[in-house]
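User: I'm new to this one, could you walk me through it? I'll ask as we go.

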Amino acid sequence: MEGRSNEQIVLDIVPLRPVDRKRWNVLARSYKTFYETELPDSKYDEVWHRLLIADGIFGFGAHLQGNLVGIAHYLFHRTIWMEEACYLQDLFVDEAVRGHGVARALIERVAQSAREHNASRFYWHTRQDNTTARALYDKIANHKGFIRYDYPLE
């Protein structure tokens with residue numbers, strides 16, 4: 001899929017499954033590379049296992065003509081003021097299909113899962129300079145103005 005067009009693509013958004021492993025690995029590593037994070041192979045193995053057994057984390061895959069082209073990882077957690085919040089931790093789409101609604105479809109599927117779990121909030125973070133993603137996010141969600149700080153624990 002080169003370029004951007006108005007053609008409608010048909011995606012299959014389903015929970016990640018064992019046959020997705022090889023392609024998931026490519027997408028997950030690309031996601032971590034984008035955020036300049038290196039992890040050992042064992043961490044990818046651990047996360048994949050947890051995703052498949054839904055061990056507190058969940059994942060959807062976007063399939064186009066049977067090929068995994070996008071992933072979304074999310075989790076549910078309690079907060080001080082509400083029972084259930086849904087956090088979209090990872091969202092990544094293969095560059096070859098960006099601009100064709102894959103990210104939006106994955107977000108909508110996670111939102112559906114959040115509703116099914118009676119979550120009171122569905123949210124995510126991205127880097128301030130991630131202008132491509134933010135162009136979509138600004139269309140479909142509300143930026144509340146928060147800035148995240150990470151305190152080093154080492």
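Analyst: Confidence in the protein chain is lowest in helix α4 (residues 131–140), with a mean of 94, and highest in strand β2 (residues 57–64), at 98; here pLDDT is the predictor's confidence in each residue, from 0 to 100, and helices (H or I, at least four residues) and strands (E, at least two) are DSSP runs, numbered from the N terminus. Over residues 1–5 the pLDDT is below 50, and this stretch has 11 contacts in the model beyond near neighbours in sequence, a contact being heavy atoms within 4.5 Å. This is a predicted model, in which local features need pLDDT of at least 70 and side-chain atom pairs count only at pLDDT 80 or more, while totals for chains, interfaces and linings use all residues. Residues are numbered from 1 along each chain as its sequence is written, and side-chain values use heavy atoms, with hydrogens and water left out.

User: What does the pLDDT of the protein chain average?

Analyst: The average is 92, and 95% of the residues score at least 70.

User: Which residues have the most contacts inside the largest nonpolar core?

Analyst: Those are L88, L91, V102 and L106, in a core of 24 residues. A nonpolar core is a set of buried Ala, Val, Leu, Ile, Met, Phe, Trp, Tyr and Cys residues joined through side-chain atoms within 4.5 Å, and buried means under 20% relative accessible area, exposed over 50%, and partly exposed in between (1.4 Å probe, protein chains only).

User: And which elements give two or more residues to this core?

Analyst: They are β2, β3 (67–77), β4 (85–93), α3 (102–116) and α4, and the largest share, 6 residues, comes from α3. Apart from this core lies another, of 14 residues, among them W48, L51, Y87 and F92.

User: What do the buried residues of α3 pack against?

Analyst: They pack against β1 (11–15), β2, β3, β4, β5 (121–124) and α4. The buried residues of α3 include V102, L106 and V110, and L106, leaving aside its neighbours within four places in sequence, is in contact with residues including I13, F60, I71 and L91.

User: How many residues has α3, and how far does it reach?

Analyst: It has 15 residues and reaches 21 Å from its first C-alpha to its last, close to the 21 Å expected at 1.5 Å a residue, where the expected span is 1.5 Å times one less than the number of residues.

User: Where is H117 found?

Analyst: H117 is in the loop between α3 and β5, and it counts as partly exposed because its relative accessible area is 37%. Leaving aside neighbours within four places in sequence, H117 is in contact with F76 and E84.

User: Changing topic, how many aromatic pairs are there?

Analyst: A search of the whole structure finds 12. Rings of Phe, Tyr and Trp (its six-membered ring) pair if their centres lie within 6.5 Å, and planes under 30 degrees apart count as stacked, over 60 as edge-to-face and the rest as tilted. F122 and W124 form a tilted pair, 5.2 Å centre to centre with 55 degrees between the planes; F122 is partly exposed at 23% relative accessibility, whereas W124 is buried at 18%. Y31, F34, Y35 and F92 form one aromatic cluster.

User: Which residue lies over the face of F34?

Analyst: That is R127, at 4.9 Å from the ring centre, and the charged end of R29 sits over the ring of Y44, 4.1 Å from its centre. A charge sits over a ring if NZ of Lys or CZ of Arg is within 6 Å of the ring centre and within 35 degrees of the ring normal.
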